[in-house]
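Please look through the sequence and the structure first.

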Amino acid sequence: MTDKIVKIKNIKFTSWVIILVVWILCGIGIWQSLLPFFAERHYREGYNFSAGKRYRYAIEELKLACKDAPWETHYWNQLGKDYISYSKIQSNKNDKVFYLKKAEELYLKCIEDDERNPWFKNRLAKIYSELMKLADTDEEKKIYFSKAASYTRAA
């Protein structure tokens, strides 16, 4: 009886390719399974910063959470709330409008993804109400008022 010994030099090229592909797929699978953990960690950090009214840091953490788990809408919702809160503490009107516009973009994307969710529409109506207060012309105020009324009814 002879023992068969596997020697590395006897392994075929196609077998090496298969082994490499399997290892790459395992690595991708492990990385993808860790992303929700990282997202939740970033969300918790962002939420804690938000509770401490440190909105700039909360926004940074929540952006990372949304990047790691884009399907989790409560991460997007918290990020939008923090944009609104951060805009309120800004002293410059342009900065207020900038952060409200960021929140508007975010909630429009959320509504595009889930058009039946009333919370996103309600938040968007709140944003338009805030933008109406900051508008320079009466025409802008009317536009924001009509958008706010429309999204309030939709919510």
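The model is predicted, with local features needing pLDDT of at least 70 and side-chain atom pairs counting only at pLDDT 80 or more, while totals for chains, interfaces and linings use all residues. Residues are numbered from 1 along each chain as its sequence is written, and side-chain values use heavy atoms, leaving out hydrogens and water.

On the surface, Phe13, Val17, Leu20, Val21, Ile24, Leu25 and Ile28 form a nonpolar patch with about 690 Å² of accessible area together. Phenylalanine 13 lies in helix α1, residues 13-51, helices being DSSP runs of H or I with at least four residues.

Helix α3, residues 73-88, has 16 residues and reaches 23 Å from its first C-alpha to its last, close to the 22 Å expected at 1.5 Å a residue, where the expected span is 1.5 Å times one less than the number of residues. Among the buried residues of α3 are Tyr75, Trp76, Leu79 and Ile84, and their cover includes α1, α2 (55-68), α4 (93-113) and α5 (118-134).

| Residue | Relative accessibility | Class |
|---|---|---|
| Phenylalanine 13 | 67% | exposed |
| Cysteine 66 | 4% | buried |
| Cysteine 110 | 5% | buried |

How many disulfides does a search of the whole structure find? The search finds zero, a disulfide being a pair of cysteine sulfur atoms within 2.5 Å. The sulfur of cysteine 66 has its closest cysteine sulfur in cysteine 110, 7.8 Å away, which is too far for a bond.

Conventions. Patches are made of residues with over 30% relative accessible area and no salt bridge: like charges are joined within 9 Å, nonpolar side chains (Val, Leu, Ile, Met, Phe, Trp, Tyr) within 5 Å. Accessible areas come from the Shrake-Rupley method with a 1.4 Å probe; for residues, only the protein chains shown count as cover. A salt bridge is a side-chain nitrogen of Lys or Arg within 4 Å of a carboxyl oxygen of Asp or Glu. Helices (H or I, at least four residues) and strands (E, at least two) are DSSP runs, numbered from the N terminus. Buried means under 20% relative accessible area, exposed over 50%, partly exposed in between (1.4 Å probe, protein chains only). Contact means heavy atoms within 4.5 Å.
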